[in-house]
Amino acid sequence: MKFETIKYETEGPLAWITLNRPEKLNAISKRMVAELKLATDQAQRDDEIRVILLRGEGRAFSAGFDLEYDASSNIEDELLEDFDLIMRFWDSPKPTIAAVHTYCLGGALELALACDITIAASGCRFGEPEVKFGSGIVAMLLPYAIGPKRAKEMLLTGNDRISSEQAEAWGLVNRVVNPENLADEARSVALEIARNDQHAVRLTKQAVNNTFETGRMRDGLKQALKLDITIETTETDESRQFNEILKTQGARAAIEWRDSQVVSVSQVKHHEIG
């Protein structure tokens with residue numbers, strides 16, 4: 001089929017899926033979600049393909065799920081679709097590799113975490129800024145990758161400035177390379193995997209995943225998704241005003257408005273007790 005928001009290319013035993021909305025920093029739209037699902041299905045059906053690689057066109061890997069307002073969308077259904085997309089890369093019988101550069105934020109980070117291996121270009125920024133937008137995490141994979149303490153620090157502060165080097169130290173990515181070497185490094189790792197016995201590769205991936213699944217990771221992810229749906233579908237005075245500014249003035253203005261509602265620590269008067 002003809003894709004509009006992604007590219008699908010094969011290179012011997014490799015399938016390259018490229019996020020292709022460079023003018024939007026490859027923000028993941030509803031159409032892109034649908035096309036990514038079709039592309040992964042296509043790769044699974046092709047017996048020649050042994051490894052699936054995910055990358056971004058243009059200036060960035062992806063800034064995450066598209067924040068464009070769509071009054072006609074059913075939020076719960078949309079979140080379930082997003083969750084299904086992310087977990088396809090985790091569940092894929094064929095190994096998956098993410099090659100990320102410049103920005104890997106929000107849902108894009110969750111996609112990269114769901115892949116078996118992530119290669120990052122130096123200078124890439126990682127983070128999950130959802131709380132800044134009054135949103136939740138679609139697939140709560142982060143604590144399984146870096147532990148609850150670091151995950152809470154990232155998620156509760158909305159930190160979206162984790163460097164490539166910090167991401168490597170924390171286990172968010174496998175390795176960091178120069179930007180010009182990103183595709184070659186991802187290809188090299190993919191070909192190493194492709195040369196191995198595919199039955200053994202597939203079952204070994206399944207065995208690793210099962211070590212998490214046996215510990216009820218899947219149940220935990222589904223419970224976290226239910227809480228995300230609650231976040232997204234519960235309207236408060238703050239969220240109503242934030243979303244109105246988001247629709248009319250954009251994300252930066254909305255975040256600046258929220259920041260202005262918080263009293264600066266320097267403005268708080270300290271009172272001695274006793």
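In this briefing a residue is called buried when its relative accessible area is under 20%, exposed when it is over 50% and partly exposed in between, with a 1.4 Å probe and protein chains only; by that rule Val177, with a relative accessible area of 13%, is buried. The structure is a predicted model, in which local features need pLDDT of at least 70 and side-chain atom pairs count only at pLDDT 80 or more, while totals for chains, interfaces and linings use all residues. Residues are numbered from 1 along each chain as its sequence is written, and side-chain values use heavy atoms, with hydrogens and water left out.

**Nonpolar cores**

- In soluble globular proteins, nonpolar side chains tend to be buried together.
- A nonpolar core here is a set of buried Ala, Val, Leu, Ile, Met, Phe, Trp, Tyr and Cys residues joined through side-chain atoms within 4.5 Å, and the largest one has 55 residues, with Ile86, Val100, Phe126 and Leu172 having the most contacts inside it.
- Helix α2 (residues 75–91) gives the most to this core, namely seven residues; helices (H or I, at least four residues) and strands (E, at least two) are DSSP runs numbered from the N terminus.
- Apart from this core lies another, of 17 residues, which includes Leu53, Ala99, Ile119 and Val177.
- With contact taken as heavy atoms within 4.5 Å, and residues up to four places away in sequence not counted, Val100 touches Phe61, Ala112, Thr118, Ile119, Ala120, Ala121, Cys124, Phe126 and Leu182.

- Val177 is found in strand β9 (residues 175–177), and, leaving aside its neighbours within four places in sequence, Val177 is in contact with Ile119, Ala120, Ala121, Ser122, Leu182 and Glu185.
- Between the C-alpha atoms of Val177 and Phe3, which are 174 residues apart along the chain, the separation is 30 Å.
- Thr96 belongs to strand β4 (residues 96–100) and counts as buried, at 1% relative accessibility.
- Not counting residues up to four places away in sequence, Thr96 touches Ile52, Phe89, Ala114, Cys115, Asp116, Ile117 and Lys205.

**Salt bridges**

- Side chains of opposite charge can pair when their charged atoms come close.
- A salt bridge is defined as a side-chain nitrogen of Lys or Arg within 4 Å of a carboxyl oxygen of Asp or Glu, and a search of the whole structure finds 18 of them.
- Arg31 forms a salt bridge with Glu35, with the closest N and O atoms 2.8 Å apart; because the two residues are four apart in helix α1 (residues 30–45), Arg31 and Glu35 are separated by about one helical turn.
- Within that pair, Arg31 is partly exposed, with a relative accessible area of 40%, whereas Glu35 counts as buried at 2% relative accessibility.
- Arg88 and Asp84 meet through their side chains in a salt bridge of 3.3 Å, N to O, and both lie in helix α2, four residues apart, about one turn of the helix.
- Both partners count as partly exposed, Arg88 at 25% relative accessibility and Asp84 at 34%.
- Arg88 and Asp84 also belong to a network of salt bridges that links them with Lys37, Asp41 and Glu81.
- The side chains of Asp160 and Lys132 meet in a salt bridge of 3.9 Å, N to O; Asp160 lies in the loop between α5 (148–157) and β8 (162–163) and Lys132 in the loop between β7 (125–127) and α4 (142–146), so the pair ties together parts that are 28 residues apart in sequence.
- Asp160 counts as buried, at 14% relative accessibility, whereas Lys132 is partly exposed, with a relative accessible area of 27%.

- Two strands pair if DSSP finds at least two bridges between them, and three strands form an open sheet in the order β5-β7-β8, with mixed pairing.
- Because β5 (103–105) and β8 stand at the edges, each with a single partner strand, one side of each is left without a neighbour in the sheet.
- The pairing of β7 with β8 is antiparallel and runs over two bridges, and the bridge partner of Phe126 in β8 is Ile162.

**Helix α8**

- Phe212 is found in helix α8 (residues 198–213) and counts as partly exposed, at 31% relative accessibility.
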